[in-house]
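Below is a short report on one protein structure. It takes up confidence, nonpolar cores, a hairpin and a sheet in turn.

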Amino acid sequence: MALTYRCLIIDDESPAHKALISHISKFDELEHSGSAFNGMEAIKLLNENQYDIIFLDINMPVISGVELMELQPNRPLTIVTTAYSDFALSAYQNDAIDYLMKPISLEKFSKAIEKAKTFHSGNTIKKETSSNEKVLSFRSNGQTIETPLSDILYIESLGNYMKLYNCKLKSPVIIYGSLASISSEIDCSNFVQVHRSFIVNTNKITAVTFKNLTMSNGDVIPVGRKYQILLGNLSIR
């Protein structure tokens, strides 16, 4: 059975609701599951129901979209929909996964949905671990997923979430939690934190400079100043 994403629209303008409902109806995997016309209504719905994706306007009375994000840090995946470009930085700092400018084309809407689906892509990881291999276990879409530590390239912090880069997957897996919380799960000499936002698998490093690392997939990872002392201890395999 295909996964259905429950969507909540939060906007103080009726035309915006109609436009988003129209877009949602064109995707079999999306379900319009609620509408709120101000921040107070939205908070009530979020507290009483479960949603997978919210479409959030920025300029609303009483509680703005940015204020709602700050008040609801553990909210569902958030796609900002607005007529204002000024708040993009604030939106991304509060873990919005996309920022769509009105009027929203179906093409841009579709791309945002693909990003949202990536956040739920943990269920594409296959359990292929031997009895002696160390694995990382995490929850995704109500399931417990296991991935070998040896397959992890690096982990990037995204506020309340993390991006887990797996060398066997084309796209990173988004999981809930912090680098501090996951450190105990990957307590292994092959993993080291090199920046406040990055933990890397030292077995996957191909090059080291004073300010960054290059991973086996070509990604360049910054090294924080207080972590630079670790560079001399890293061995490239």
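## Confidence

The mean pLDDT of the protein is 83, and 85% of its residues reach 70 or more; pLDDT is the predictor's confidence in each residue, from 0 to 100. Helices (H or I, at least four residues) and strands (E, at least two) are DSSP runs, numbered from the N terminus. Over residues 122–130 the pLDDT is below 50, and this stretch has 20 contacts in the model beyond near neighbours in sequence. A contact means heavy atoms within 4.5 Å. Where pLDDT is low, the predicted coordinates should not be read in detail.

This is a predicted model, in which local features need pLDDT of at least 70 and side-chain atom pairs count only at pLDDT 80 or more, while totals for chains, interfaces and linings use all residues. Residues are numbered from 1 along each chain as its sequence is written, and side-chain values use heavy atoms, with hydrogens and water left out.

## Nonpolar cores

A nonpolar core is a set of buried Ala, Val, Leu, Ile, Met, Phe, Trp, Tyr and Cys residues joined through side-chain atoms within 4.5 Å. Buried means under 20% relative accessible area, exposed over 50%, and partly exposed in between (1.4 Å probe, protein chains only). The largest core has 19 residues, of which Ile10, Leu68, Met69 and Val80 touch the most other members. At least two residues of this core come from each of strand 1 (5–10), helix 2 (39–48), strand 3 (53–56) and helix 3 (65–71).

Leaving aside residues up to four places away in sequence, Ile10 touches Ala36, Asn38, Ala42, Ile54, Phe55, Leu56, Asp57 and Met60. Another core, of 18 residues, lies apart from the largest one; Ile9, Leu77, Phe109 and Ala116 are among its members.

## A hairpin

Strand 11 (residues 191–195) has 4 of its 5 residues buried, so it is largely enclosed by the rest of the structure. Strand 11 runs antiparallel to strand 12 (residues 198–201), and 4 bridges join them; two strands pair if DSSP finds at least two bridges between them. The two strands form a hairpin with 2 residues between them. Phe191 has Asn201 of strand 12 as its bridge partner.

Three strands, in the order 13-14-15, form an open sheet with antiparallel pairing. Strand 13 (205–208) and strand 15 (220–222) are at the edges with a single partner strand each, so one side of each is left without a neighbour in the sheet.

Strand 13 pairs with strand 14 (residues 212–215) over 3 bridges. Within strand 14, Thr214 stands opposite Ala207.
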